[in-house]
Amino acid sequence: MKKKKVLSLLLATAMAASCLTACGGSDAETTEPETTTEEGTAEEGAETTEEGAETTEEGAATEEEAITATIKVWSPSEDQSEENGNWLATMCEQFKTEHPNWDLTFEYGVCAESDAKTQVGQDATAAADVYMYANDQLTDLIAANGIAQLGGETETYVKETNSQAIVDSVSVDGAVYGVPFTTNTWFMYYDKSAFTEDEVKSLDAMIAKDKVSFPLNNSWYIASFYVANGCTLFGDGTDNEAGIDFGGDKGAAVTKYLADMVANPNFVNDKDGSGLAGLRDGSIKAMFSGSWDYAAAKEALGENLGIAVLPSITIDGEAKQMKSFAGSKAIGVNPNSQNPQVAVALAKYLGSAEAQQKHYELRNIVPCNTELLQTEAVQADALVVAQNATFDTTSILQPFVANMSNYWTPAENFGNSLLNKEVTADNAADMTEQFNTSLNTSVAE
Amino acid sequence: MRKKETASVKTRRFIANTVVHICLAALAIVWLFPIFWVILTSFRGEKGSYVSSFFPKTYTLDNYKRLFTDTSILNFPQMFMNTLIIACFCAVISTFFILATSYCLSRLRFKMRKPFMNVAMVLGLFPGFMSMVAVYYILKAIGLSEGSMIRVALVLVYTAGSGIGFQISKGFFDTIPKSLDEAAFIDGATKFQVFTKVTLPLSKPTIVYTVLTSFMAPWLDFIFAKVICRADAKYYTVSIGLWKMLEKEYIDSWYTCFAAGAVLVSIPIAILFVCMQNCYVEGMAGAVKG
């Protein structure tokens, strides 16, 4: 009796299993050709991108081949909101009219530039054909096979219309990955009624006079002090083996400076938006942030809002220029795209001067196209001028080598130790050495 | 002499009660303080994420208004509806799964019963999101990761494994006397009839509890919604929307709306609870006679 039961159970499971595998089999069959084609194009991707670029080059003169395609495009939701003029759809429709032989359907998705790493990295084969990313994610995107190298005419276009620093920000080992459309860095907002234009050139002069807010326990910001005094990250920023050098006398001098600054009652740490709130109620006269806070800062200070490049700090009697991390935002192409030719052309179009102009008009996105920056309207904008001046003169390219991932947490912790006065002028040298060691220790090991 | 004693007992009790009440009051404050603060923030007139005072300087309803009118960047009404739809399906399907599993484990006797309960216990120890990437690829393979199928995928994710949370209702079913089942069997009822006609009517409190927790799951889950919705903003649930409001670009102007959204999320759950509350009171009094 029992045996029979066991037998029937076995038979039942066998049947169920065969049923399942049968379904699985048919599924696999249907998906297999898809994946093979995807892989196929992925491999061809690099070649076809170059070919694609070539054909577009010819395309200007000769007819383009007819293509029917659905192109998936991801951008931040602001680019798709009607209120902000729906930049993405406008540009994509315009792109369509410029290529009459291509029958294109666009599918829009939402993905902020800073999310590209996670969204594309999760499943590159199902990600958008064209998307936007912040350049610090480049290493991860390449590792996830989520971004295609640009070649041919598009590469030339990127190199010709952008400053060298911006081209470097989207290049790895000499290869260009994406069409940059804006810079990304932070600078200073200040109250013109509190500081003169001369005073904002020196942080010490500012702190001596009135309240200044700085996000000291934010790793993106704190490095600016160390870089000011000649400390380096990965050599020129691209040498993974060189590591981070915040140690020695030059590092200790900065730590001492920061410990003194924290002790100054006119220094206020900026955390959870307290800087902006202070600007609003007048308790803080200067803060450090980026273009994303422009509208709020303008609302808070109105006519009195001043925007300036980073000030210098005085270390051992010498004025040293603070240098922020800078990066760019760019449009990337997915190597798994079914239509790499169209995707590359679209990426180039979305990063073109025309599209940047529109982006600036609709959303105040600071352009980076060198020709566009020369136009009068753009030159008259304080925000654009300050951001680009910061990018050009008081910033270093934020390194995106693999070991940079070891930097963020220790830097934040060190900022916290400075704020709660565990690090003082007396133990600065020791603490800086420890800090430097932790910066160069891999979290994964 | 006697009177004195009672007086001292009284004072002693008074002291003990006072101490207990003070402790409870302190705990209540600790518990309710953040909720109170969120509600206050949702009515705050000043913008920004940082304030120097606990009580807002100005009060306004604009934060709520904005949530439902300013839909161009973060479409909160749509996210709310998405979540509500998913939650309704989850409440029905999960509840059925959980109650059915509990009934089987409480009333039926089969060989795998004990091992199954142990395995379920061990599996329950792992956090669910451990499998999120695998879940995503499985959903993609069966074509549920694109378009409107995303809602189906989310319902599936929230309900499919819910049977594993049988412990509480099984415990409740165990307390229902078996003699009731036996009486029903003698009258010719099948096992399913016993489940629906005898066990379920007697276990309203646990049904209420199960429905509530199942309904809440989609409102609270962030990780699976994020992994499965990816860039499809049309299918976002409220938790993704609330998270977006706290991103660098939005936090300054959306922070008070975030608080308003957090308050609004509690409303459907509260309504469901109020509707089902009277079931809690009905116990099993008088179920077994003699």
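1. How far apart do the C-alpha centres of domain 1 and domain 2 of chain A lie? They lie 34 Å apart. The assignment for chain A gives domain 1 as 40–177 + 328–379 and domain 2 as 188–323 + 403–439. Such domain bounds come from an automatic or database domain assignment.

2. A word on the model and its labels. This is a predicted model, in which local features need pLDDT of at least 70, side-chain atom pairs count only at pLDDT 80 or more, and totals for chains, interfaces and linings use all residues. Residues are numbered from 1 along each chain as its sequence is written, while chains are lettered from A and ligands numbered from 1 in the order in which they are written.

3. The contact of chain A with chain B takes 26 residues from chain A and 20 residues from chain B. Two residues are in contact if their C-beta atoms, placed from the backbone, lie within 7 Å. On the chain A side, helix 1 (2–59), strand 2 (102–110), helix 3 (116–122) and helix 10 (274–281) each supply at least two residues. Helix 10 of chain A has the largest share, 4 residues. Helices (H or I, at least four residues) and strands (E, at least two) are DSSP runs, numbered from the N terminus.

4. By class, the side of chain A that touches chain B has 10 nonpolar, 8 polar and 8 charged residues. Here Ala, Val, Leu, Ile, Met, Phe, Trp, Tyr, Cys and Pro count as nonpolar, Asp, Glu, Lys and Arg as charged, and the others, Gly among them, as polar.

5. Look next at a helix pair in chain A. Helix 9 (residues 248–263) and helix 18 (residues 428–439) pack at an angle of about 115°, with their axes 8 Å apart. That makes helix 9 of chain A roughly perpendicular to helix 18 of chain A. The label covers angles of 65 to 115 degrees; under 35 counts as roughly parallel, over 145 as roughly antiparallel and the rest as oblique. Axes are lines fitted to C-alpha atoms, for helices over the stretch in contact, and angles run from 0 to 180 degrees between N-to-C directions.

6. Helix 9 of chain A brings A:Gly251, A:Ala252, A:Thr255, A:Lys256 and A:Ala259 to helix 18 of chain A, including A:Met431 and A:Asn436. This contact has 5 nonpolar, 4 polar and 1 charged residues.

7. Strand 14 (residues 312–315) and strand 15 (residues 318–321) of chain A run antiparallel, joined by 4 bridges. Two strands pair if DSSP finds at least two bridges between them. A:Thr314 has A:Ala319 as its bridge partner in strand 15 of chain A. The hairpin has 2 residues between the strands, and A:Asp316 takes a positive phi near 55°.

8. Chain B is assigned domain 1 (2–63) and domain 2 (74–281). Their C-alpha centres lie 32 Å apart. The contact takes 9 residues from domain 1 of chain B and 10 residues from domain 2 of chain B. Helix 1 (residues 2–42) of chain B gives the most to the domain 1 side, with 4 residues.

9. In chain B, helix 3 (residues 76–107) and helix 6 (residues 149–160) pack at an angle of about 40°, with their axes 9 Å apart. The residues of this contact divide into 9 nonpolar, 3 polar and 1 charged.
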